[in-house]
Amino acid sequence: MSVHDDLSSVQRSLEELSRSVTRLEQRLGSGGLEVRRVRTDADHLRESVALLRAAAAPDAPRRPDLVPIPDTPYDGSLWTDSDDEGLGARDRRAP
């Protein structure tokens with residue numbers, strides 16, 4: 001099965017879940033916390049699948065590559081003319 005087929009299957013299952021939750025709301029009423037929570041969870045799942053479908057599209061933009069940050073300390077000469085945040089310049093007193 002392809003990713004598109006899997007997403008379509010999940011989408012069909014979510015539509016059936018939504019229909020079932022609607023039937024429950026009609027029988028139990030939509031005022032209870034439990035029914036509202038199930039409805040909200042089903043809506044979140046539908047939104048998540050829509051995001052997955054958009055990310056799996058062939059023309060979806062790719063995420064940028066991560067830039068590694070080295071563990072070695074920076075060269076101290078980079079900071080010779082900088083101010084200490086909140087303290088001001090090294091040769092002056094703080095206000």
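This is a predicted model: local features need pLDDT of at least 70, side-chain atom pairs count only at pLDDT 80 or more; totals for chains, interfaces and linings use all residues.
Biologist: Why is Ser 18 called buried?

Modeller: The relative accessible area of Ser 18 is 16%, and buried means under 20%, so Ser 18 is placed in that class. Ser 18 is found in helix H1, which comprises residues 3–28, and, leaving aside neighbours within four places in sequence, Ser 18 is in contact with Arg 39 and Arg 46.

Biologist: What makes the pairing of the side chains of Ser 18 and Arg 39 a polar contact?

Modeller: The two side chains are 3.3 Å apart in this pairing, and the cut-off for a pair of N or O atoms is within 3.5 Å, with one atom able to donate a hydrogen and the other to accept it; the pair is therefore listed as a polar contact.

Biologist: How do you know that the length of H1 agrees with its number of residues?

Modeller: At 1.5 Å a residue, the 26 residues of H1 should span 38 Å, and the end C-alpha atoms of H1 are 36 Å apart, which agrees. Just after H1, Gly 29 takes a positive phi of about 90°.

Biologist: What makes Glu 16 and Arg 19 a salt bridge?

Modeller: Their side chains meet at 2.9 Å, N to O, and the criterion is a side-chain nitrogen of Lys or Arg within 4 Å of a carboxyl oxygen of Asp or Glu, so the pair qualifies. Being three residues apart in helix H1, Glu 16 and Arg 19 are separated by about one helical turn. An α-helix has 3.6 residues a turn, so residues three or four places apart point the same way.

Biologist: What makes Arg 46 and Asp 43 a salt bridge?

Modeller: The closest N and O atoms of Arg 46 and Asp 43 are 3.2 Å apart, and the limit is within 4 Å, so the pair is counted as a salt bridge. Being three residues apart in helix H2, Arg 46 and Asp 43 are separated by about one helical turn. Arg 46 counts as partly exposed at 32% relative accessibility, and Asp 43 is also partly exposed, with a relative accessible area of 25%. A search of the whole structure finds four salt bridges.

Biologist: Why does Ile 69 count as exposed?

Modeller: Ile 69 has 68% relative accessibility, and exposed means over 50%, so Ile 69 counts as exposed. Ile 69 lies in the segment after helix H2 (33–56), and, together with Tyr 74, Leu 78 and Trp 79, Ile 69 forms a nonpolar patch on the surface with about 510 Å² of accessible area.

Conventions. Residues are numbered from 1 along each chain as its sequence is written. Side-chain values use heavy atoms; hydrogens and water are left out. Helices (H or I, at least four residues) and strands (E, at least two) are DSSP runs, numbered from the N terminus. Buried means under 20% relative accessible area, exposed over 50%, partly exposed in between (1.4 Å probe, protein chains only). Contact means heavy atoms within 4.5 Å. Patches are made of residues with over 30% relative accessible area and no salt bridge: like charges are joined within 9 Å, nonpolar side chains (Val, Leu, Ile, Met, Phe, Trp, Tyr) within 5 Å. Accessible areas come from the Shrake-Rupley method with a 1.4 Å probe; for residues, only the protein chains shown count as cover. The expected span of a helix is 1.5 Å times one less than its number of residues.
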